[in-house]
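Have the sequence and the 3D view open, and find each residue as it comes up.

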Amino acid sequence: MNNEVVLRRMTAGDIPGAVEIEQKCFSMPWSEKAFADSLALDYSVFFVASIDEKIVGYVGLYIAYDEGDITNVAVLPEYRRKGIATSLLEKIVIDAKEKNLVAINLEVRKSNKSAIALYEKNGFVDLGHRKNFYEKPTEDAVIMKRQLESR
Ligand code: COA
(Lines give C-alpha, C1' and ligand atoms only; values in the text may rest on other atoms or scores of the structure.)
Protein backbone atom coordinates (compact mmCIF):
# COMPACT_ATOMS: atom_id res chain seq x y z
CA MET A 1 0.00 0.00 0.00
CA ASN A 2 1.68 3.21 -1.09
CA ASN A 3 -1.30 5.19 -2.46
CA GLU A 4 0.71 6.07 -5.56
CA VAL A 5 -1.41 6.89 -8.61
CA VAL A 6 -0.26 4.83 -11.60
CA LEU A 7 -1.37 5.84 -15.11
CA ARG A 8 -1.31 3.15 -17.77
CA ARG A 9 -3.18 1.88 -20.81
CA MET A 10 -6.51 0.16 -20.12
CA THR A 11 -6.47 -3.59 -20.75
CA ALA A 12 -9.32 -6.12 -20.93
CA GLY A 13 -8.67 -6.97 -17.27
CA ASP A 14 -9.53 -3.39 -16.28
CA ILE A 15 -13.02 -3.48 -17.81
CA PRO A 16 -14.93 -4.55 -14.64
CA GLY A 17 -13.30 -1.67 -12.74
CA ALA A 18 -14.13 0.77 -15.52
CA VAL A 19 -17.78 -0.41 -15.53
CA GLU A 20 -17.95 0.11 -11.75
CA ILE A 21 -16.78 3.71 -12.29
CA GLU A 22 -19.37 4.19 -15.04
CA GLN A 23 -22.18 2.92 -12.81
CA LYS A 24 -21.18 5.26 -10.00
CA CYS A 25 -20.74 8.29 -12.27
CA PHE A 26 -23.28 8.26 -15.11
CA SER A 27 -27.03 7.84 -15.72
CA MET A 28 -26.31 5.85 -18.91
CA PRO A 29 -23.23 3.78 -17.98
CA TRP A 30 -21.13 1.95 -20.57
CA SER A 31 -21.42 -1.85 -20.38
CA GLU A 32 -18.55 -4.35 -20.36
CA LYS A 33 -19.28 -5.01 -24.04
CA ALA A 34 -19.09 -1.30 -24.87
CA PHE A 35 -15.62 -1.12 -23.31
CA ALA A 36 -14.48 -4.35 -24.95
CA ASP A 37 -15.69 -3.19 -28.39
CA SER A 38 -14.09 0.24 -27.96
CA LEU A 39 -10.76 -1.15 -26.74
CA ALA A 40 -10.60 -3.31 -29.86
CA LEU A 41 -10.81 -0.32 -32.21
CA ASP A 42 -7.53 0.73 -33.77
CA TYR A 43 -8.49 4.41 -33.40
CA SER A 44 -9.23 4.33 -29.64
CA VAL A 45 -6.93 5.14 -26.73
CA PHE A 46 -7.89 4.44 -23.12
CA PHE A 47 -5.85 5.10 -19.98
CA VAL A 48 -6.66 4.14 -16.41
CA ALA A 49 -5.51 5.58 -13.11
CA SER A 50 -4.93 2.92 -10.47
CA ILE A 51 -4.01 3.04 -6.80
CA ASP A 52 -2.74 -0.20 -5.23
CA GLU A 53 -4.07 -2.11 -8.29
CA LYS A 54 -7.59 -0.61 -7.93
CA ILE A 55 -8.94 1.27 -10.95
CA VAL A 56 -10.04 4.69 -9.64
CA GLY A 57 -10.42 6.62 -12.89
CA TYR A 58 -10.18 6.42 -16.65
CA VAL A 59 -10.13 8.51 -19.80
CA GLY A 60 -10.94 7.48 -23.36
CA LEU A 61 -10.22 9.07 -26.72
CA TYR A 62 -11.32 8.28 -30.28
CA ILE A 63 -9.08 9.50 -33.09
CA ALA A 64 -10.60 10.85 -36.30
CA TYR A 65 -8.05 12.04 -38.86
CA ASP A 66 -5.80 14.50 -36.99
CA GLU A 67 -8.12 15.24 -34.06
CA GLY A 68 -9.20 13.34 -30.97
CA ASP A 69 -12.61 13.15 -29.27
CA ILE A 70 -12.73 12.40 -25.57
CA THR A 71 -15.35 9.70 -24.93
CA ASN A 72 -15.33 10.28 -21.18
CA VAL A 73 -13.23 11.01 -18.17
CA ALA A 74 -14.39 9.80 -14.77
CA VAL A 75 -12.99 9.30 -11.29
CA LEU A 76 -14.59 7.35 -8.41
CA PRO A 77 -16.30 9.81 -6.01
CA GLU A 78 -14.03 9.01 -3.05
CA TYR A 79 -10.89 9.77 -5.09
CA ARG A 80 -11.94 13.16 -6.50
CA ARG A 81 -10.21 16.56 -6.05
CA LYS A 82 -6.80 14.90 -5.88
CA GLY A 83 -5.72 15.80 -9.40
CA ILE A 84 -6.43 12.35 -10.89
CA ALA A 85 -8.60 13.57 -13.79
CA THR A 86 -6.03 16.27 -14.51
CA SER A 87 -3.28 13.63 -14.66
CA LEU A 88 -5.41 11.49 -17.00
CA LEU A 89 -6.01 14.46 -19.31
CA GLU A 90 -2.31 15.33 -19.29
CA LYS A 91 -1.52 11.72 -20.19
CA ILE A 92 -3.97 11.69 -23.11
CA VAL A 93 -2.63 15.04 -24.36
CA ILE A 94 0.95 13.72 -24.36
CA ASP A 95 -0.20 10.62 -26.25
CA ALA A 96 -2.19 12.74 -28.72
CA LYS A 97 0.83 14.94 -29.42
CA GLU A 98 2.96 11.85 -29.99
CA LYS A 99 0.37 10.79 -32.58
CA ASN A 100 0.63 14.27 -34.18
CA LEU A 101 -2.99 15.14 -33.44
CA VAL A 102 -3.70 18.86 -33.70
CA ALA A 103 -6.69 19.18 -31.35
CA ILE A 104 -8.87 17.38 -28.82
CA ASN A 105 -12.66 17.86 -28.75
CA LEU A 106 -15.29 16.87 -26.22
CA GLU A 107 -18.91 17.36 -25.20
CA VAL A 108 -20.05 17.86 -21.63
CA ARG A 109 -23.45 18.37 -20.02
CA LYS A 110 -24.18 22.07 -19.56
CA SER A 111 -24.98 21.51 -15.86
CA ASN A 112 -21.73 19.60 -15.19
CA LYS A 113 -19.89 22.52 -13.64
CA SER A 114 -17.13 20.40 -12.07
CA ALA A 115 -16.20 18.80 -15.40
CA ILE A 116 -16.39 22.15 -17.23
CA ALA A 117 -14.07 23.65 -14.57
CA LEU A 118 -11.70 20.69 -15.01
CA TYR A 119 -11.61 21.13 -18.78
CA GLU A 120 -11.16 24.91 -18.65
CA LYS A 121 -8.28 24.48 -16.21
CA ASN A 122 -6.72 22.07 -18.71
CA GLY A 123 -6.85 24.43 -21.69
CA PHE A 124 -10.20 23.52 -23.28
CA VAL A 125 -12.34 26.41 -24.56
CA ASP A 126 -16.11 26.61 -25.01
CA LEU A 127 -17.05 26.53 -28.72
CA GLY A 128 -20.82 26.65 -28.23
CA HIS A 129 -23.77 24.47 -27.30
CA ARG A 130 -25.56 21.54 -28.96
CA LYS A 131 -29.28 21.56 -28.17
CA ASN A 132 -30.75 18.48 -26.41
CA PHE A 133 -27.64 16.40 -27.10
CA TYR A 134 -28.04 14.24 -23.98
CA GLU A 135 -30.79 11.91 -22.75
CA LYS A 136 -31.72 10.83 -19.21
CA PRO A 137 -32.16 13.73 -18.55
CA THR A 138 -32.43 15.66 -21.79
CA GLU A 139 -29.86 18.44 -21.72
CA ASP A 140 -27.72 20.63 -23.95
CA ALA A 141 -24.05 19.82 -24.48
CA VAL A 142 -21.22 22.31 -24.23
CA ILE A 143 -18.73 21.66 -27.04
CA MET A 144 -15.13 22.23 -25.97
CA LYS A 145 -11.82 22.08 -27.79
CA ARG A 146 -8.14 22.18 -26.93
CA GLN A 147 -5.66 22.96 -29.69
CA LEU A 148 -2.41 21.04 -29.32
CA GLU A 149 0.61 23.18 -29.83
CA SER A 150 3.12 21.55 -32.14
CA ARG A 151 5.94 19.66 -30.42
N1 COA B 1 -16.30 21.64 -8.28
C2 COA B 1 -15.62 22.65 -8.84
N3 COA B 1 -14.46 22.47 -9.57
C4 COA B 1 -14.03 21.21 -9.74
C5 COA B 1 -14.71 20.10 -9.20
C6 COA B 1 -15.89 20.35 -8.43
N7 COA B 1 -16.61 19.35 -7.87
N8 COA B 1 -14.05 18.97 -9.53
C9 COA B 1 -12.98 19.36 -10.27
N10 COA B 1 -12.98 20.70 -10.39
C11 COA B 1 -12.01 21.52 -11.12
C12 COA B 1 -11.18 22.30 -10.13
O13 COA B 1 -10.70 23.47 -10.77
C14 COA B 1 -10.03 21.32 -9.87
O15 COA B 1 -8.88 21.94 -9.37
P16 COA B 1 -8.73 22.13 -7.77
O17 COA B 1 -9.07 20.83 -7.10
O18 COA B 1 -7.28 22.52 -7.61
O19 COA B 1 -9.68 23.24 -7.40
C20 COA B 1 -9.78 20.81 -11.26
O21 COA B 1 -11.08 20.67 -11.84
C22 COA B 1 -9.03 19.51 -11.33
O23 COA B 1 -9.70 18.53 -10.57
P24 COA B 1 -9.20 17.02 -10.47
O25 COA B 1 -8.91 16.69 -9.05
O26 COA B 1 -8.13 16.76 -11.47
O27 COA B 1 -10.53 16.26 -10.96
P28 COA B 1 -11.14 14.90 -10.35
O29 COA B 1 -10.10 13.85 -10.31
O30 COA B 1 -11.86 15.21 -9.10
O31 COA B 1 -12.20 14.52 -11.49
C32 COA B 1 -14.26 14.74 -12.69
C33 COA B 1 -13.11 15.48 -12.03
C34 COA B 1 -15.19 15.77 -13.39
C35 COA B 1 -13.74 13.77 -13.74
C36 COA B 1 -15.05 13.97 -11.59
O37 COA B 1 -15.74 14.90 -10.78
C38 COA B 1 -16.02 12.95 -12.12
O39 COA B 1 -15.66 11.79 -12.35
N40 COA B 1 -17.29 13.33 -12.30
C41 COA B 1 -18.32 12.41 -12.79
C42 COA B 1 -18.06 12.00 -14.22
C43 COA B 1 -18.12 13.19 -15.16
O44 COA B 1 -18.98 14.04 -15.05
N45 COA B 1 -17.19 13.21 -16.11
C46 COA B 1 -17.13 14.20 -17.16
C47 COA B 1 -18.04 13.79 -18.26
S48 COA B 1 -17.90 14.86 -19.67
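Let's start with Gly 68. Setting aside neighbours within four places in sequence, Gly 68 is in contact with Leu 61, Tyr 62, Ile 63, Leu 101, Ala 103, Ile 104 and Asn 105. Keep in mind that this is a predicted model. You'll find Gly 68 in strand S4. Its relative accessible area is 0%, so Gly 68 is buried, the cut-off for that being under 20%. Another residue to look at from here is Tyr 43: Gly 68 and Tyr 43 are 25 residues apart in sequence, and their C-alpha atoms are 9.3 Å apart in space.

Now move to helix H1, which covers residues 15–25. Which residues of H1 are buried? They are Ile 15, Gly 17, Ala 18, Val 19, Ile 21 and Glu 22. And what covers the buried residues of H1? The cover includes helix H2 (32–39), strand S3 (54–64) and strand S4 (67–75), and S4 is the strand where we found Gly 68.

Let's take H2 from that list and see how the two helices meet. In general, two packed helices are described by the angle between their axes and the distance between the axes. For H1 and H2, the angle is about 125° and the axes are 9 Å apart. An angle of about 125° falls between 115 and 145 degrees, so H1 and H2 are oblique to each other. The crossing of H1 past H2 is right-handed. On the H1 side, the residues that take part are Ile 15, Pro 16, Ala 18, Val 19 and Glu 22, and they meet Glu 32, Phe 35, Ala 36 and Leu 39 of H2. Sorted by class, this contact has seven nonpolar residues, two charged ones and no polar ones.

Phe 35 leads us on to the aromatic rings. A pair of aromatic rings is described by the distance of the centres and the angle of the planes. The structure holds eight aromatic pairs. Take Phe 35 with Tyr 58: the ring centres are 5.3 Å apart and the planes stand at 80°, so this pair is edge-to-face. Phe 35 sits in helix H2 and Tyr 58 in strand S3, so the pair ties together parts that are 23 residues apart in sequence. Are these two residues buried or exposed? Both Phe 35 and Tyr 58 are buried. Tyr 119 and Phe 124 also form an edge-to-face pair, at 5.7 Å centre to centre and with 65° between the planes. Tyr 119 and Phe 124 are buried as well. Back at Phe 35, ring pairs link Trp 30, Phe 35, Phe 46 and Tyr 58 into a cluster.

Leaving out neighbours within four places in sequence, Arg 146 is in contact with Val 93, Lys 97, Val 102, Ala 103, Ile 104, Asn 122, Gly 123 and Phe 124. Ala 103 and Ile 104 are also among the contacts of Gly 68. With a relative accessible area of 17%, Arg 146 comes in under the 20% cut-off, so it is buried. Tyr 65 has its place in the loop between S3 and S4. Its relative accessible area is 82%, and with exposed meaning over 50%, Tyr 65 is exposed. Tyr 65 and Tyr 79 are 14 residues apart in sequence, with 34 Å between their C-alpha atoms.

Most residues other than glycine have a negative phi, and most peptide bonds are trans. Asp 52, in the loop between strand S2 (44–51) and S3, is not a glycine but has a positive phi of about 50°. Asp 52 is partly exposed, with a relative accessible area of 30%. Lys 136 also has a positive phi of about 50° without being a glycine, and its place is in the loop between S6 and S7. Lys 136 is exposed, at a relative accessible area of 58%. The peptide bond from Lys 136 to Pro 137 is cis, with omega near 0°. Pro 137 lies in the loop between strand S6 (125–134) and strand S7 (139–147).

How values were computed
Residues are numbered from 1 along each chain as its sequence is written. This is a predicted model: local features need pLDDT of at least 70, side-chain atom pairs count only at pLDDT 80 or more; totals for chains, interfaces and linings use all residues. Side-chain values use heavy atoms; hydrogens and water are left out. Buried means under 20% relative accessible area, exposed over 50%, partly exposed in between (1.4 Å probe, protein chains only). Helices (H or I, at least four residues) and strands (E, at least two) are DSSP runs, numbered from the N terminus. Contact means heavy atoms within 4.5 Å. Rings of Phe, Tyr and Trp (its six-membered ring) pair if their centres lie within 6.5 Å; planes under 30 degrees apart count as stacked, over 60 as edge-to-face and the rest as tilted. Axes are lines fitted to C-alpha atoms, for helices over the stretch in contact, and angles run from 0 to 180 degrees between N-to-C directions. Angles under 35 degrees count as roughly parallel, over 145 as roughly antiparallel, 65 to 115 as roughly perpendicular and the rest as oblique. A crossing is left-handed if the near helix is turned anticlockwise from the far one by less than a right angle, and right-handed if clockwise. Ala, Val, Leu, Ile, Met, Phe, Trp, Tyr, Cys and Pro count as nonpolar, Asp, Glu, Lys and Arg as charged, and the others, Gly among them, as polar.
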